[in-house]
Amino acid sequence: MTKASRSVGMVTVATIVAAFAFSLTETVQADAHEEYEAAFNKDGELIRPAGWREWVFVGSPLTPNSLNGGVAAFPEFHSVYIDPKSWDHYKKTGKFREGTMFAKELTLVGDTSATSGIGFFNGKLQGFEIAHKDSKRYSKDSGGWAYYTFGHHDEPYDDTTSAMPAAACAACHTAAAAEDMVFTQYYSILQAAKGAGEAAAGTGGK
Ligand code: HEC
């Protein structure tokens, strides 16, 4: 083999290795954006989804005790995520598909001052809840959604749980949520994404 042909061979090998590495990266990215569908155990309890912190983050409402006479009904930060498949659907159609799942992870208010100023900073994790849309499975009275709480405490959260009674959760959502039982009025990320297609992917929206 001449020196020239050997180096051509090495270039080819390098190209193949690079292509393989690229395809691996593609696969990993596809996995991170995995489609999520609700799963239930034999008693009909919802199984806590894995990996919700890698879903699409839509907002973090906060009603702290200190602004609610010392006793807020929900004093924690609410970090709200939507599953990636439903995010894609909402971007395209502006609708929450059957199967949509919102995860809400609660975090206590921790410090109230930092070098950046006086404010509210995340303390300990304090609970995990799910809203799930399935019009076949759930009553029309709750808009085809059900609400689940996996514990109101630090991790570990419960692994499975049954749907909460409508009066405990759905009623308030029915009464006050802006769009299909979801409080979209408080999620500017969803407002920007609604029907915006790929323009919603962090490029400044519509
Ligand atoms: C008194 C009214 C009220 C009740 C009762 C209530 N929620 Fe909500 N929920 C809200 C509001 C307001 C938001 C949006 C702002 C926020 O998170 O504070 C929300 C947001 C959510 C979200 C994020 C998705 C969305 O729809 O905006 C989930 C998940 C959720 N709630 C689950 C529950 C569960 C589970 C229960 C019952 C244990 C419950 N909620 C009871 C008012 C309520």
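**Briefing on the predicted model**

P156 is located in the loop that runs between β8 and β9 (160–161). The peptide bond joining E155 to P156 is cis, with omega at about 5 degrees. The model is a predicted one. Its chain contains 4 helices and 9 strands, and 33% of its 206 residues count as buried.

**Overall architecture**

- Read from the N terminus, the elements follow the order α-β-β-β-α-β-β-β-β-β-β-α-α.
- Of the contacts in the chain between residues at least 6 apart in sequence, 53% connect residues at least 24 apart.

**The open sheet**

- An open sheet is built from 5 strands in the order β2-β3-β4-β7-β8, with antiparallel pairing.
- Its edge strands are β2 and β8 (145–149), each of which pairs on one side only.
- On average, neighbouring strands of this sheet are turned by 30 degrees against each other, direction ignored.
- Helix α2 (residues 84–93) packs on the sheet and touches β2, β3 and β4 (101–109). The direction of α2 makes about 75 degrees with that of β3.
- Strands of a sheet pair through backbone hydrogen bonds, in either a parallel or an antiparallel sense.

**Strand pairings within the sheet**

- β2 and β3 are paired in the antiparallel sense over 3 bridges; F57 stands opposite Y81 in β3.
- β3 and β4 are likewise antiparallel, over 6 bridges, and S79 faces E105 of β4 as its opposite residue.
- β7 (residues 122–133) pairs with β8 in the antiparallel sense over 5 bridges, where I130 stands opposite Y148 in β8.

**Burial of strand β3**

- Because 6 of the 6 residues of β3 are buried, this strand is largely enclosed by the rest of the structure.
- Both faces of β3 are covered. F77, S79 and Y81 are buried on one side, and H78, V80 and I82 are buried on the other.
- In a regular strand, side chains alternate between the two faces of the sheet.

**Iron site and largest pocket**

- The iron atom of the ligand has a single donor from the protein, namely NE2 of H173, at 2.2 Å.
- H173 belongs to helix α3 (residues 170–176).
- The largest pocket holds about 830 Å³ of space. It is lined by 30 residues, of which F74, H78, K104, H173 and F183 are the closest to its centre.
- At least two residues of the lining of the largest pocket come from each of β3, β4, β7, β8 and α3.

- F74 is placed in the loop between β2 (56–59) and β3 (77–82).
- With a relative accessible area of 48%, F74 is partly exposed; the cut-off for exposed is over 50%.
- The C-alpha atoms of F74 and L106 are separated by 9.0 Å, although these residues are 32 residues apart along the chain.

- D180 has a positive phi of about 50 degrees and is not a glycine.
- M181, also a residue other than glycine, has a positive phi near 70 degrees.
- Most residues other than glycine have a negative phi, and most peptide bonds are trans.
- D180 is partly exposed, with a relative accessible area of 31%, whereas M181 is buried, with a relative accessible area of 10%. The cut-off for buried is under 20%.

Note on methods: Residues are numbered from 1 along each chain as its sequence is written. This is a predicted model: local features need pLDDT of at least 70, side-chain atom pairs count only at pLDDT 80 or more; totals for chains, interfaces and linings use all residues. Side-chain values use heavy atoms; hydrogens and water are left out. Buried means under 20% relative accessible area, exposed over 50%, partly exposed in between (1.4 Å probe, protein chains only). Two strands pair if DSSP finds at least two bridges between them. Axes are lines fitted to C-alpha atoms, for helices over the stretch in contact, and angles run from 0 to 180 degrees between N-to-C directions. Contact means heavy atoms within 4.5 Å. Donors are N, O and S atoms within 2.8 Å of the metal (3.2 Å for Na, K and Ca); water is not among the atoms, so sites may look incomplete. On a 1 Å grid over the protein atoms alone, a cavity is a set of points where a 1.4 Å probe fits but cannot get out, and a pocket is an open set with protein on both sides within 12 Å along at least five of seven lines; lining residues have an atom within 4 Å of a point. Grid points are joined across faces, edges and corners, and a volume is the space filled by probe spheres set on the points.
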